[in-house]
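Me: Got a structure open here and some quick things to check. Can you walk me through it?

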Amino acid sequence: MGEVRGRGARSAFVDLTPLRRSPDYRRLWVGGALSGLGHQVAVVAVLFQVWEMTGSAFWVASIGLTQAVPMIVMGLVGGPVADVLDRRRVALAATGGQAGAALALGAQLVLGLYPLPVLLALIGLQTACSALGAPARRTFITRLLPRDLVAGGIALHMISFQAAMMVGPALGGVLLGLASPAVCYLVNATALMISWFTVRALPPMPPERASATAYPHLPAPVSHVGRLRRRTRTALLMLGEGVLQVRRDPVLRGSFLLDLAATLLAFPVALFPMVNEELFAGDPRTLGLFLSAIAVGGVSAGVASGLVTRRARLGVVQLVAVAVWGLALLGFGLAALGGLAWAALATLVVAGAADTVSVTSRAAMVQLATPDSHLGRVSSVEHVIGVSGPDIGNARAGLVAGLTTPAWSALLGAAACLVVAGWVTRTHPQVAAFRVGADGVS
């Protein structure tokens, strides 16, 4: 996959240089790790509280809709905002909104349980604030670290995210057993307030183009409604520029196409209950093994992320990772078809590792290949692809499984992923040629 910066067995392990080199990055990482842990604790509390209040699978499912809509809409809004305003201030406002919503949820400890609409409204508000600040937050690493350490910084954030995914739900369950959902929300609020202070300690981060008057051809505002329309049109034009930037740049376009091939065509999570029914007779105790297998692979890849983040040719790394992801899921489908339960779990471990490598290399390329003036908007496109791709991929997998079988759904999806990845490799050679240097990208 290209030359490696650093030698010896130690270079295979996660690169801690970003934490040692930059105090600002270190504070940001600690704040992000704590807020991620608090979020996972709160996720368990929300599921528990809604189920306790309603006893309805429909209302539990409505939590996803309550979060999905603001996640996508405000994620798109956050891109233009991050390219107009100081990104540190945007993240401060968004994190403050998240903490305020968490405190309002925690106030149930004193006020008593809220009605379901109020609960869902606060969850939606917190999600909207998180999505609004996400594009700005994604640009911080590029500002705080030298270019050759950006991939390492992103890998460290991935590790903290995966650790929060593994520890947070268990911690939330313990707190629910000892206290109440309100205590979980207060833990989330405390973590978010700590995160707010870590962002506040960062230096100002104005984008390269900070003027809102970049579109002189638009008519001058004459009223409040006119100003609102003008700002809306400006935001839409700026968002369109972000999409055009992705379309024009072959590295960005190819990298996103690879990610879409992996998620839209081959995401397997929706198949797990059906495969569990066939391989383990539907034992609920084994259903979690499928997700755990992916998590084990992801954490393992994170620990060994030095093999990736110290390499200069990140495009080759992503191409190989997507190919391994497709082959692993091809193996998953074959194992499911042959009734080989433990082989199926083993292939998911490999797939989880490949997914982490692919996401880390893609995120680093997006941050390094995008001009700073467009970084917020391109990051918002990445955010929307990241949150919607797996959901749409799950819908595709379930639909195909309904028409065929879960095993054939996995096989067809993996094969399609490999075909598209091969097509991207042939039509976007700039992805494989992408290199990271200390003084730029070639």
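**Helices and aromatic pairs**

Reply: Starting with helix 8, residues 150–178: at 1.5 Å a residue, its 29 residues should span 42 Å, and the end C-alpha atoms are 41 Å apart, which agrees. Keep in mind that this is a predicted model.

Me: Where in helix 8 is the kink?

Reply: At valine 167. The kink is about 30 degrees and comes shortly before proline 169.

Me: How do helix 8 and helix 16 cross?

Reply: Their axes come within 9 Å and cross at roughly 135 degrees. That makes helix 8 oblique to helix 16.

Me: Which handedness does the crossing of helix 8 and helix 16 have?

Reply: Helix 8 passes helix 16 in a right-handed crossing.

Me: What span does helix 16 reach?

Reply: From first C-alpha to last, its 29 residues reach 42 Å, close to the 42 Å expected at 1.5 Å a residue.

Me: And how many residues of helix 16 are buried?

Reply: 22 of the 29, so helix 16 is largely enclosed by the rest of the structure.

Me: Switching to aromatics. How many aromatic pairs does the structure hold?

Reply: Six. One of them joins phenylalanine 272 and phenylalanine 332, edge-to-face, at 6.1 Å centre to centre with 75 degrees between the planes. Phenylalanine 272 sits in helix 12 (residues 272–280) and phenylalanine 332 in helix 15 (residues 314–338), so this pair ties together parts that are 60 residues apart in sequence.

Me: Are phenylalanine 272 and phenylalanine 332 buried or exposed?

Reply: Both are buried. Another edge-to-face pair is phenylalanine 280 with phenylalanine 290, 6.1 Å centre to centre and 80 degrees between the planes. Here the partners are ten residues apart, with phenylalanine 280 in helix 12 and phenylalanine 290 in helix 13 (residues 284–303). Phenylalanine 280 and phenylalanine 290 are both buried too.

Me: Which residues form the aromatic cluster?

Reply: Phe272, Phe280, Phe290, Phe332 and Trp342 form one cluster.

Me: New topic. At what angle do helix 11 and helix 17 pack?

Reply: About 25 degrees, with the axes 8 Å apart. Helix 11 is residues 250–264, and helix 17 is residues 375–403. The two helices are therefore roughly parallel to each other. Helix 11 passes helix 17 in a right-handed crossing.

Me: Where is threonine 263?

Reply: In helix 11. Threonine 263 is buried, with a relative accessible area of 9%.

Me: Why does that count as buried?

Reply: Because buried means under 20% relative accessible area, and threonine 263 has 9%.

Me: How far apart in space are threonine 263 and asparagine 394?

Reply: 8.3 Å, C-alpha to C-alpha. In sequence, threonine 263 and asparagine 394 are 131 residues apart.

Me: Last one. Is alanine 93 buried or exposed?

Reply: Exposed, at 56% relative accessibility. Alanine 93 is in helix 4, residues 87–106.

Me: How far apart are alanine 93 and leucine 132?

Reply: They are 39 residues apart in sequence and 9.2 Å apart in space, C-alpha to C-alpha.

Note on methods
Residues are numbered from 1 along each chain as its sequence is written. This is a predicted model: local features need pLDDT of at least 70, side-chain atom pairs count only at pLDDT 80 or more; totals for chains, interfaces and linings use all residues. Side-chain values use heavy atoms; hydrogens and water are left out. Helices (H or I, at least four residues) and strands (E, at least two) are DSSP runs, numbered from the N terminus. The expected span of a helix is 1.5 Å times one less than its number of residues. The bend at a residue is the angle between axes fitted to the seven residues ending there and the seven starting there. Buried means under 20% relative accessible area, exposed over 50%, partly exposed in between (1.4 Å probe, protein chains only). Rings of Phe, Tyr and Trp (its six-membered ring) pair if their centres lie within 6.5 Å; planes under 30 degrees apart count as stacked, over 60 as edge-to-face and the rest as tilted. Axes are lines fitted to C-alpha atoms, for helices over the stretch in contact, and angles run from 0 to 180 degrees between N-to-C directions. Angles under 35 degrees count as roughly parallel, over 145 as roughly antiparallel, 65 to 115 as roughly perpendicular and the rest as oblique. A crossing is left-handed if the near helix is turned anticlockwise from the far one by less than a right angle, and right-handed if clockwise.
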